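Take a look at the fold below. The paragraphs that follow walk through its sheet, its core and a few residues in its loops.

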Amino acid sequence: INDNLSVGTTYRLEQIQISDLDSNVSQALAEQAGTSLVSSLGFSVTNDYRDSRLSPTKGWAITNSADIAGGPLGGDKNFYRLQTSGEYFYPIIINGVTTVVELSGRTGIVQAYPNTPDVPIFERYFTGGQDSIRGYDERTVGPLDPNTNDAIGGEALILGSAEYTVPIIEI
């Protein structure tokens, strides 16, 4: 729409095949065995006031998005998802070198609606790993199956982080 405001839409048609499962997998995964068809439509709005999209040192960005799957769109999984993510960058100059404090957060909720008893495991939130909680392996932070100890994902997410960046080489 302009330099700071963008609106987007997406359509996704995806066939997901879950097969060849071990006998000791979580019930949540076993229930999804077979072929699923997800047809979803999504909308997003982003306000971006960072000084650089590639390597920001100041400013902020917020994205809000909503997705709906199934119903009149077809497919065999019915759910909706609402998400918000944001970042804030604050420069600190030390001895002529610009360092940056970054605060970021993400929230989301995904819920099934009629004709789908649960949110499919492949649409749930999983955390851990470099893109969410560093220092933990991928998908290891969150709800676990009590019998198998497998990650089963969650239907809600609140995630926050703070980073302090010191440049090694000035570009």
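**A walk through the sheet**

The protein has one helix and six strands. Both kinds of element are DSSP runs numbered from the N terminus: helices are H or I with at least four residues, strands are E with at least two. From the N terminus on, the order is β-α-β-β-β-β-β. The radius of gyration is 20 Å, well over the 16 Å that the globule rule gives for 171 residues, so the protein is more spread out than a compact globule. That radius is taken over C-alpha atoms, and the rule is 2.2 Å times the number of residues to the power 0.38. Along the principal axes, the C-alpha atoms fill a box of roughly 60 × 40 × 25 Å.

This is a predicted model, in which local features need pLDDT of at least 70 and side-chain atom pairs count only at pLDDT 80 or more, while totals for chains, interfaces and linings use all residues. Residues are numbered from 1 along each chain as its sequence is written, and side-chain values use heavy atoms, with hydrogens and water left out.

Start with the sheet. Six strands form it, in the order S1-S2-S3-S4-S5-S6. The sheet is open and its pairing is antiparallel. Two strands pair if DSSP finds at least two bridges between them. Strand S1 (5-18) and strand S6 (156-165) are the edge strands, each pairing on one side only. From one strand to the next, the twist averages 15 degrees. Axes here are lines fitted to C-alpha atoms, for helices over the stretch in contact, and angles run from 0 to 180 degrees between N-to-C directions.

Now follow the pairs. Strand S3 (residues 59-69) meets strand S4 (residues 79-94) in the antiparallel sense over 11 bridges. Alanine 61 stands opposite glutamate 87 in S4. Isoleucine 62 has glycine 86 in S4 as its bridge partner. S4 is also joined to strand S5 (residues 97-112), by 16 bridges, and these two strands run antiparallel. Here proline 91 is bridged to valine 100 in S5. Isoleucine 92 has threonine 99 in S5 as its partner. S4 and S5 form a hairpin with two residues between them. Asparagine 95, in the turn, has a positive phi of about 50 degrees. S5 and S6 pair over 10 bridges, again in the antiparallel sense. In this pair, glutamate 102 is bridged to glutamate 163 in S6.

**The core and the surface**

Which residues make up the largest nonpolar core? There are 10 in all: Ile16, Ile18, Val38, Ala69, Phe79, Val110, Val119, Tyr125, Leu157 and Leu159. S1 and S6 each supply at least two residues of this core. A nonpolar core is a set of buried Ala, Val, Leu, Ile, Met, Phe, Trp, Tyr and Cys residues joined through side-chain atoms within 4.5 Å. Buried means under 20% relative accessible area, exposed over 50%, partly exposed in between (1.4 Å probe, protein chains only). In soluble globular proteins, nonpolar side chains tend to be buried together.

Leucine 157 is in contact (heavy atoms within 4.5 Å) with Arg106, Thr107, Gly108, Tyr125 and Thr127, leaving aside its neighbours within four places in sequence. Across the protein, 59% of the contacts between residues at least 6 apart in sequence join residues at least 24 apart. Buried residues make up 26% of the 171 residues.

**Residues outside the strands**

Aspartate 3 lies in the segment before S1. Aspartate 3 counts as exposed, at 66% relative accessibility. Not counting residues up to four places away in sequence, aspartate 3 touches Asp48 and Arg53. Aspartate 3 and alanine 30 are 27 residues apart in sequence, and their C-alpha atoms are 47 Å apart in space.

Most residues other than glycine have a negative phi. Aspartate 20 has a positive one, about 55 degrees. Where is aspartate 20 found? It is in the loop between S1 and helix H1 (27-30). Aspartate 20 is exposed, with a relative accessible area of 78%. Asparagine 149 also has a positive phi, near 70 degrees. Asparagine 149 is in the loop between S5 and S6. Its relative accessibility is 56%, so asparagine 149 counts as exposed.
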